[in-house]
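Please have the sequence and the coordinates open while reading.

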Number of protein chains: 2
Amino acid sequence: MALYSSSGVIRRAPPLLTDLYQFTMAYAYWRAGRHQEPAVFELFFRDNPFGGGFSLFAGLHDCLLFLRSFRFTDEDVEFLRSVLPPATDPAFFQFLRGLDCSGVTLRSVPEGTVVFARVPLMEVAGPLAVVQLLETSLLCLVNYASLVCSNAARFRLAAGPRRKLLEMGLRRAQGPDGGLTASRYTHIGGFDLTSNVQAGFLFGIPVAGTMAHSYVTSFTSLEEVWPQTLVAVSGDPDPVDIISLTKGWLSRVCELLGAEPGKIREGELAAFLSYAISYPQNFLPVIDSYSVGCSGLLNFCAVALALCELGYRPVGVRLDSGDLCRQSVDVRRVFRLCSEHFSISAFDSLIIVGTNNISEQSMAELNKKENQIDVVGVGTHLVTCTKQPSLGCVYKLVEVRGRPRMKISEDPQKSTVPGRKSVYRLLDADGHPFLDLACLAVESPPEAGVSLRCFPLGCDDSPVSVTPAQATCLRQDVFTKGQVTHPLCSAAETRAKVQSSLQTLHPRHKRLQEPDPYIVALSEKLHNLVTEIRKGSSNNSNFLLAN
Amino acid sequence: MALYSSSGVIRRAPPLLTDLYQFTMAYAYWRAGRHQEPAVFELFFRDNPFGGGFSLFAGLHDCLLFLRSFRFTDEDVEFLRSVLPPATDPAFFQFLRGLDCSGVTLRSVPEGTVVFARVPLMEVAGPLAVVQLLETSLLCLVNYASLVCSNAARFRLAAGPRRKLLEMGLRRAQGPDGGLTASRYTHIGGFDLTSNVQAGFLFGIPVAGTMAHSYVTSFTSLEEVWPQTLVAVSGDPDPVDIISLTKGWLSRVCELLGAEPGKIREGELAAFLSYAISYPQNFLPVIDSYSVGCSGLLNFCAVALALCELGYRPVGVRLDSGDLCRQSVDVRRVFRLCSEHFSISAFDSLIIVGTNNISEQSMAELNKKENQIDVVGVGTHLVTCTKQPSLGCVYKLVEVRGRPRMKISEDPQKSTVPGRKSVYRLLDADGHPFLDLACLAVESPPEAGVSLRCFPLGCDDSPVSVTPAQATCLRQDVFTKGQVTHPLCSAAETRAKVQSSLQTLHPRHKRLQEPDPYIVALSEKLHNLVTEIRKGSSNNSNFLLAN
């Protein structure tokens with residue numbers, strides 16, 4: 001993601017934020033007079049993250065801003081002069097000083113699209129030296145954005161559509177900017193709220209949060225509560241002694257629930273009261289600082305009932321430790337009891353927030369076990385992507401001067417698919433995507449209702465025949481001649497795109513555990529090209545046959 | 001870590017980069033007139049990361065810059081006005097606008113010190129509302145910095161002191177700033193080099209890197225090599241036809257090794273030649289684009305021998321796939337053969353760089369298996385801390401208005417140790433630290449040679465008696481009244497501190513697997529305070545005994 005100034009102006013990733021070898025390679029291209037040769041790189045990842053069947057593509061917006069402003073300052077160039085070998089021709093630094101992306105074309109999958117391993121997500125075409133220099137920055141901007149967006153989408157799937165999801169991972173992210181990236185892309189991936197105020201400021205994400213345990217433990221006695229009165233919402237303008245009112249309710253609640261008043265923490269009650277007096281319409285305390293059942297829940301009910309008596313609507317409670325499911329059921333039961341016993345209907349709509357080191361697995365368990373949790377807050381496991389903390393996008397050369405290039409590794413997984421391509425998504429009669437097809441750019445697109453033969457990747461070399469009900473072009477031109485050619489999407493638009501793209505995906509690919517693999521295939525012509533080059537029987541033979 | 005402008009000027013983490021609840025709590029304190037109450041928070045983590053016996057404390061430098069510049073702009077305050085509940089008193093925003101850290105004192109372990117779980121690393125004292133507002137930012141600045149620094153130190157221990165370590169994780173980090181943080185703190189933790197140019201620019205870390213596979217695969221034939229000549233280092237000013245020279249050497253190398261010239265990739269040879277002509281003193285190609293044994297190594301030797309003939313010193317090779325240990329041994333054998341057979345002593349000092357998804361475990365295996373790797377490059381596993389991607393630092397209230405505060409959780413691990421403290425590190429006669437002791441701030445420090453009774457944390461409640469040969473105060477005042485009171489350390493100084501601090505640690509605590517636990521203990525007085533508060537028998541009882 002981009003860097004941000006404290007004033008909230010979005011700033012680009014600087015062009016020095018890349019690996020040194022991009023510059024030594026660029027120099028060697030330049031020295032050989034090859035720097036202007038038209039070249040094509042592809043960006044893709046080799047495996048869907050988290051053992052899943054899909055991923056979400058994100059980071060494009062930042063890539064476009066990066067490309068648009070890609071330019072070295074005098075200071076950048078001076079620094080490069082100090083780190084590149086002394087043999088570097090000074091004219092190269094002049095060349096760098098004048099570089100920009102006016103010769104670069106970016107063709108990309110739209111941001112927020114469901115994507116699959118080994119599909120080329122971005123095609124970056126332009127002068128060899130320039131597109132080489134872009135590698136690390138583009139990877140850095142896409143990798144984590146796509147990973148954390150995919151992670152958020154999985155949490156969303158695990159949570160089901162009803163529950164609200166709150167991102168609260170700032171303190172566990174890779175520094176301030178890592179935290180901002182996390183807040184932004186988890187929102188795009190399906191989270192509703194963030195605790196990160198700066199993310200709200202910069203990206204307009206709704207922010208949420210009320211109190212921490214430290215607030216509760218900072219109080220010891222009711223003497224610390226001030227003011228000790230609250231004015232009712234309507235009617236009597238005289239302030240009411242809310243402490244006495246609450247004590248009265250506490251007594252009745254203890255009686256109703258058969259609780260021991262002696263176990264109730266006075267400091268906790270003081271904290272709740274003090275907060276309620278400050279924000280009578282936003283009362284949602286954390287109730288497990290001492291004991292939910294013996295203290296926190298009773299204190300909450302007493303304060304909330306007092307608020308109700310004065311015409312306010314308390315919001316709910318937060319649970320931050322222990323068995324959230326069981327506790328939420330107990331809490332809800334008490335809410336219902338109070339509602340019935342005291343005829344306070346506001347207690348029927350109180351919400352329960354659960355936050356306690358939630359992982360994708362514990363989120364999925366929420367859907368299996370009986371529980372009454374309305375909002376789930378997720379931090380560490382969401383932003384650090386504990387289950388797989390990197391996506392592993394790569395950026396590979398596929399064409400130079402119109403000739404396909406291929407890396408033929410001894411590890412077949414690490415070999416690349418050569419040539420400039422078109423990528424199509426084939427849909428079945430129900431509108432579900434079932435196959436992504438990579439063709440040579442010169443091939444005509446697949447047609448609806450017409451059978452085609454293709455070669456699925458990752459299988460043996462046998463072809464399959466498929467007949468799409470519909471075929472759509474997966475990528476679009478988004479950057480040409482230094483200009484962004486496609487409107488930049490807002491976070492809200494991309495967020496909607498994520499959900500609609502996920503909507504079309506068949507449930508069998510969306511299963512979080514052991515999904516059916518989605519097929520990514522090469523057209524017959526592309527497959528033949530691979531075979532030719534692999535055999536070294538292509539006309540572009542690059543073996544040294546004699547010396 | 002701080003955010004950086006593209007010009008390299010260090011900018012601070014903005015004060016809005018925090019959780020919303022800090023503001024709602026600050027408001028409630030302010031509303032109750034408690035915002036100026038003197039309060040003390042402690043920052044610590046509960047478990048050493050990666051299953052290890054120690055951690056390294058980092059991020060202090062950024063915390064100090066953050067504290068020094070902590071101030072809300074009009075724009076910040078306007079945004080807060082839009083997200084806090086409408087009931088918020090407008091005077092609160094005036095209060096925020098005038099806030100700074102002039103009332104805050106930070107007492108901290110020096111950056112780069114070896115530290116242990118449950119030791120309070122930082123003590124943040126000041127007006128309750130202000131020190132509450134600092135929580136998330138301080139955690140964000142310390143958490144990842146300490147985690148990745150500790151990770152780097154473990155990689156350094158696994159690699160042994162001889163091998164050079166190169167950080168190359170930018171493309172897998174949490175965005176640009178995550179990448180910068182990683183480069184900075186892995187260098188501090190013991191890495192020698194980074195691939196990240198911006199990190200070199202901002203922090204003066206030595207940068208390294210030469211070529212990627214894309215450079216190699218971008219070449220197909222020797223016709224692409226230009227210029228095709230090179231001038232010898234000394235002597236004859238006439239350019240030499242380096243292609244013919246190299247072909248001659250290739251022929252001799254193939255003969256020496258019994259290799260088949262027909263399997264050698266011409267494009268790879270062209271890439272190597274082209275790079276060598278550009279940087280004849282910096283020749284270190286990646287040799288596994290096709291096949292190390294059948295092509296890459298032979299091409300390297302031919303080009304390197306030609307360079308040697310012209311008086312240049314080739315640097316070495318990079319291996320990026322397969323069994324690095326075995327390959328490095330094979331490569332070294334060939335280098336020695338060439339050295340002997342062609343009497344080229346420069347081949348005795350060629351270096352071998354290994355980079356292939358290196359984890360701490362594969363690094364440790366390097367030291368067990370025979371290998372000839374001189375430099376190891378680490379990316380993903382280093383910067384994402386795959387083994388444990390978050391440290392889990394927390395920030396807990398321990399004192400308000402001079403009275404100890406304690407969170408008594410039903411989960412004993414989550415209970416806090418109350419009161420303002422001094423922390424001492426006790427050393428044995430050999431100068432090894434063996435116990436960190438937390439005392440009440442009012443207690444006199446432990447004395448060398450004098451036996452003391454203390455209560456180790458995490459054990460049952462039995463005391464132990466220890467006699468330190470030496471006792472040092474672990475923390476120092478680093479920020480008082482808005483000013484940094486201790487000289488800010490440079491990265492180089494902190495890096496040296498890490499190694500010297502690790503040096504004193506006994507090997508039994510440094511073992512990467514199953515280390516002996518280091519003892520962290522409470523003084524008898526502090527232990528008594530905990531017991532008193534826990535029993536509710538303290539004078540500061542906070543149970544609601546009557547209602």
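Predicted model: local features only at pLDDT ≥ 70, side-chain atom pairs only at ≥ 80, totals over all residues.

Residues are numbered from 1 along each chain as its sequence is written, chains are lettered from A and ligands numbered from 1 in the order in which they are written, and side-chain values use heavy atoms, with hydrogens and water left out.

**Chain B against chain A**

Chain A and chain B each give 127 residues to their contact (heavy atoms within 4.5 Å). About 11200 Å² is buried between the two chains, 57% of it on carbon and sulfur atoms; buried area is the accessible area (1.4 Å probe) that two parts lose on being put together, summed over both. Between the chains there are 40 residue pairs in polar contact, both residues at pLDDT 80 or more. A polar contact is a pair of N or O atoms within 3.5 Å; within protein, one must be able to donate a hydrogen and the other to accept it, and residues adjacent in sequence count only if both atoms are side-chain atoms.

On the chain B side, helix 1 (residues 20–31) of chain B supplies the largest share, 10 residues. Helices (H or I, at least four residues) and strands (E, at least two) are DSSP runs, numbered from the N terminus. The side of chain B that touches chain A is made up of 62 nonpolar, 42 polar and 23 charged residues. Here Ala, Val, Leu, Ile, Met, Phe, Trp, Tyr, Cys and Pro count as nonpolar, Asp, Glu, Lys and Arg as charged, and the others, Gly among them, as polar.

**Domains of chain A**

Chain A is split into domain 1 (6–155 + 388–535) and domain 2 (156–384), with bounds from an automatic or database domain assignment. The domain centres, taken over C-alpha atoms, are 44 Å apart. Domain 1 of chain A gives 27 residues to the contact and domain 2 of chain A gives 29 residues. The two domains bury about 2300 Å² between them, with 60% from carbon and sulfur atoms. In domain 1 of chain A, the residues that lose the most area to domain 2 are Y144(A), F155(A) and R495(A), together 35% of what that side buries.

The domains share 21 residue pairs in polar contact, both residues at pLDDT 80 or more. Helix 2 (60–68), helix 6 (135–159) and helix 16 (491–504) of chain A are the elements that give two or more residues to the domain 1 side. Helix 6 of chain A gives the most, with 9 residues.

**Salt bridges**

A salt bridge is a side-chain nitrogen of Lys or Arg within 4 Å of a carboxyl oxygen of Asp or Glu. The whole structure has 51 salt bridges over all chains. Of the counts by interface, chain B and chain A have 6 salt bridges, and domain 1 and domain 2 of chain A have 3 salt bridges.

| Residue pair | N to O distance |
|---|---|
| R171(B) and E135(A) | 3.1 Å |
| R154(A) and E360(A) | 2.8 Å |
| D74(B) and R97(B) | 2.3 Å |

The pair D74(B) and R97(B) joins helix 3 (residues 74–83) of chain B to helix 4 (residues 90–97) of chain B, 23 residues apart.
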